[in-house]
Amino acid sequence: MEIETVGDQGPELDKPPHIGHKLLLNHEFPLQSKQIIRPRVSQIFEMMPLSARYLKYYLSKKVHKKRPIMDYVHMISAQRMYGCPIGGIGGGTIGRGFKGEFCRFQLYPGLYEYVTVPECQFIVNIQNAKKETIFQSVLSTYDKPKKAPQSWEWNLNAVDCEYTALYPQAWTTYDLSKYGVKLVCKQISPVIPHNYKDSSLPCAVFIFSAKNVCNEHRDVSITFTWTEVLGSTNKKKSVAKLDMERYSEEYTCGVTLEQKILETPCTFTIAKKKQEDETIHEGYCLWNSTKTSNYVWDCLKKNGKLEPDPNLTPPPPKVPDKSDKDDDEKEKKEKQKKIHKCDSMGLSSMLSLDPGGVRATEFCLAWDMPIIRYKKDKKIHKRFYTKYFGSDGIAGTSIAAYALRSYKNWEKQLAEWQDPILSNSNIPDWLKSALMNELYFIADGGTIWFDVHDEYPDTDPRHSFGLFGYLEGHEYRMYNTYDVHFYASFALAQLWPNLQVVLQYMFRDTITQESEKFRQSLYDGKSVKFKIRDSIPHDLGDPDDLPFSNINAYNIHDVSEWRDLNLKFILQVVRDYRLLRGHTAPFASERYRSMAFIDDVRDGTEDDLYSRSTGQADDSEPSEVATAEGSPKQDPPQPAVGDILDLLYRSTEPEPEGSSLAPRPEPREAPAAVWDAGRYLADMFPSCAALLRRARQWDHDGDGLIENGGFPDQTYDAWVMMGPSAYCGGLWVSAISAVRMMARILSQESDEREFSKLLEQAQNSFESKLWNGSYYRFDMRPANSRVVMADQLAGHWYLRASGWTEDVFPEVNVKKALSTIYDNNVLRFKEGRMGAVNGYVTGARGHVDTTAIQSEEMWTGVTYGLAALMIYEGMHEEAFVTAGGLHNTLTQMGLTFETPEALYENGNHRSIAYMRPLAIWSMYQAILARPPQHSPVSNGQVRNTKDNTL
């Protein structure tokens with residue numbers, strides 16, 4: 001840890017940021033929320049056939065000892081206890097409670113265990129100048145579990161401890177002034193934008209800094225204990241093999257625990273930076289969680305640090321006597337059995353503090369599960385980090401040593417990314433915190449990331465960046481659920497754009513596939529193909545089956561007939577193209593370092609960013625038309641910038657050379673090159689054109705506008721649309737505009753003419769059939785004539801995010817519709833304090849639409865997307881009220897780090913820890929493109945913004 005000197009005051013403790021998710025360790029959440037779904041009588045009647053078929057499917061899975069992809073029988077309510085999870089992307093994660101627990105283990109891909117392991121702890125010991133222990137406690141304040149080691153004590157005063165989370169970092173401050181010490185634990189996981197190598201590492205670093213605040217000497221020791229976790233399917237501990245590992249690293253030491261999780265080998269390593277003249281033989285202990293945990297506690301109280309248990313240390317080797325060989329063999333086996341009963345380990349580090357002194361120590365937890373074998377698959381899948389650390393299962397010590405050498409670089413890279421966001425006065429403080437903390441799902445979403453460099457040529461992004469998948473939600477076990485990823489993808493596209501590109505290529509390769517296998521659709525009982533040609537699949541499989549091979553695990557509807565999936569692929573392509581160009585453009589002066597410049601297209605034409613920023617034509621990509629504005633006077637050209645963070649958020653002040661005399665043991669990784677935007681567009685265009693032509697088959701009356709099929713044929717899979725609809729119709733019109741633009745960029749003149757004609761027809765039909773003067777109609781049925789849908793402008797939202805400025809939808813209609821949504825779905829739903837309800841029925845007796853379960857839900861990700869569109873349209877006040885009220889409610893319910901898909905008016909929730917809330921990153925992109933015009937105040941909210949706090 002870097003300890004700063006402030007004036008003449010001397011070194012100081014690490015201080016948490018003033019922005020973040022902050023809780024005292026005795027915090028109780030004021031609002032209750034449970035996962036209880038109670039359909040109305042009218043809804044039950046419609047759902048009875050589906051429910052009967054689902055129950056049959058559920059029982060079939062249970063008979064075969066398998067898990068349903070969505071378990072509606074045993075739903076999991078939010079635990080309301082979580083802080084930042086630890087671990088990088090795709091290597092498994094371990095949850096942490098804000099009160100200090102290690103909990104919610106997701107180590108085997110996609111499968112969660114909601115357990116708290118009391119033997120996994122940090123313990124503090126404080127001794128006075130006479131080497132007498134004056135305080136010792138587990139560094140947790142949750143209620144001591146019944147199965148916790150009996151002698152271990154939970155002695156912290158929770159009101160004197162505070163937790164701050166700003167993902168991927170967290171701080172816990174412990175005020176132990178009564179014993180002469182203040183203590184801070186900083187937790188950091190390597191989830192770092194544009195750093196693909198380090199972001200893949202399955203580890204976390206914990207930096208403890210302590211300050212002596214009394215006038216006597218203090219010795220402070222921190223002990224990290226770990227035990228076997230999830231050792232078998234029945235969750236009972238098995239005998240684990242423990243090995244001490246002597247590092248070849250010069251500055252680190254530690255111990256390892258080898259075990260199996262679901263028959264898959266996994267090695268845990270706890271390591272620390274060695275102090276001067278320290279060896280691996282000091283400050284460690286192997287122990288048994290049920291038999292010798294008392295020794296750990298007593299040893300710490302007596303010595304201030306751990307020492308090996310002499311009762312578990314093998315005696316010196318005995319010279320064999322041939323006369324009693326059998327007895328010796330028997331004795332040897334018994335002793336070996338006793339030695340290997342240990343299932344737990346501990347590591348201590350001591351800090352010696354004179355009055356006023358500040359010192360720090362660092363620990364690392366790493367877990368190495370390099371190989372994944374799926375039950376039905378003979379193929380060996382290697383996690384992405386094995387590309388750098390090998391797949392032989394002995395990399396844990398190397399990963400830990402690397403992390404302890406590199407974490408200061410991680411801190412610097414995170415600061416370079418986060419500081420410009422945290423200091424941006426255009427962003428409210430709650431949004432700054434939410435932006436960071438919602439990113440937990442990128443790593444903790446059951447994420448898998450495989451190295452497949454030998455399976456693809458270097459012309460394919462998967463050669464360099466692997467295969468990537470994350471779940472729809474902790475309870476909805478399907479990888480890369482595409483209708484939901486449409487909303488969530490803004491996080492990947494901005495921060496790890498190559499992973500978004502990889503995901504798009506994965507889906508592209510499925511488009512031409514057609515399955516000959518059939519299955520029953522649970523919704524209507526019909527026998528349908530798993531997949532048909534020229535369609536985007538709903539998902540890329542179930543982690544309990546064969547993901548990436550057996551696609552479309554979702555079995556409620558015939559998703560090949562869903563109206564939104566093809567269109568969402570097209571819209572993501574054009575959005576990605578715009579962002580990829582922003583990542584790689586060689587900006588020559590500060591004027592061009594902003595999304596506002598990238599989006600500055602006022603002529604209704606596609607913007608040639610490269611030409612505008614360099615003053616020359618881009619020969620690699622034909623421009624549609626010349627830009628209207630002349631080429632500005634240029635500073636000398638700079639090299640191409642490969643880092644979107646550097647491009648958009650970096651301060652221009654140069655970093656002073658030689659500003660630190662401390663050596664940097666681990667060189668900083670250069671940002672990875674971003675996939676070429678022109679190649680991406682050229683690779684995707686044929687598929688986009690085919691998908692659009694396939695979708696045109698749903699235009700049954702030839703008016704240029706597709707119709708819904710009278711069943712839930714889109715992401716709202718319990719809400720029926722029939723005929724033309726605002727949601728799917730708007731996506732359709734936007735997708736036509738996008739493909740037309742692609743054709744123009746790529747000089748596909750015949751395609752451009754075809755889609756230009758179709759766009760004009762679709763626009764006319766959409767406006768004439770669905771615009772009613774105040775909003776776009778949900779669909780054409782008279783019963784829905786007064787239903788205002790919060791998500792009716794999803795297609796327009798994506799066009800704005802893609803840099804569109806031409807009026808595909810009339811500007812006056814868009815703003816009128818947004819005002820109608822705000823007045824009804826937001827302000828008349830929980831007084832604007834719970835986001836935008838999906839459906840609202842206008843009129844003198846206006847009310848939430850109760851036609852379907854989902855019409856009366858508020859979807860977190862949809863609310864964030866709606867708020868982003870409000871920002872694009874200059875409605876910043878309404879956007880911050882809409883999203884800010886929701887965020888405040890989620891926080892008071894204790895749903896941080898398990899953000900649900902939906903909330904109900906009564907405060908209950910559905911589907912914890914869901915993908916869609918990552919759409920909050922579309923708000924950030926929108927703010928960069930169109931910052932507020934009013935003068936901001938200190939917390940970032942414009943001066944005339946209404947109070948959006950509870």
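How many bridges pair β29 and β30, and in which sense do they run?

Modeller: Keep in mind that this is a predicted model. β29 and β30 pair over two bridges, in the antiparallel sense. In that pairing, Met-858 has Leu-903 of β30 as its bridge partner.

Now step back along the chain from β30. Glu-898 is buried but has no salt bridge. The nearest side chain of opposite charge belongs to Arg-104, and it sits 4.4 Å away, while a salt bridge has to be within 4 Å. What the Glu-898 side chain does reach is the backbone nitrogen of Gln-79, at 3.1 Å. Leaving out residues up to four places away in sequence, Glu-898 touches a run of neighbours from Ala-78 and Gln-79 through Arg-80, Met-81 and Tyr-82. Arg-104, Tyr-440, Ile-912 and Ala-913 are on that contact list too.

For another bit of sheet, go to β14. Eight of the ten residues in this strand (residues 264–273) are buried, so β14 is largely enclosed by the rest of the structure. It has strand partners to look at. With β13 (residues 252–261), β14 pairs in the antiparallel sense over ten bridges, and Thr-256 has Thr-269 of β14 as its bridge partner. β13 and β14 make a hairpin with two residues between them, and Leu-262 in the turn has a positive phi of about 50°. With β17 (residues 358–368), β14 again pairs in the antiparallel sense, over six bridges; there Thr-267 stands opposite Asp-368 of β17.

Eleven of its twelve residues are buried, so α11 is largely enclosed by the rest of the structure. Among the buried ones are Pro-497, Asn-498, Gln-500, Tyr-505 and Phe-507. The geometry of α11 checks out as well: at 1.5 Å a residue, twelve residues should span 16 Å, and the end C-alpha atoms are 16 Å apart, which agrees.

Definitions and conventions:
Residues are numbered from 1 along each chain as its sequence is written. This is a predicted model: local features need pLDDT of at least 70, side-chain atom pairs count only at pLDDT 80 or more; totals for chains, interfaces and linings use all residues. Side-chain values use heavy atoms; hydrogens and water are left out. Buried means under 20% relative accessible area, exposed over 50%, partly exposed in between (1.4 Å probe, protein chains only). Lys and Arg count as positive and Asp and Glu as negative; His and the chain ends are not counted. A polar contact is a pair of N or O atoms within 3.5 Å; within protein, one must be able to donate a hydrogen and the other to accept it, and residues adjacent in sequence count only if both atoms are side-chain atoms. Contact means heavy atoms within 4.5 Å. Helices (H or I, at least four residues) and strands (E, at least two) are DSSP runs, numbered from the N terminus. Two strands pair if DSSP finds at least two bridges between them. The expected span of a helix is 1.5 Å times one less than its number of residues.
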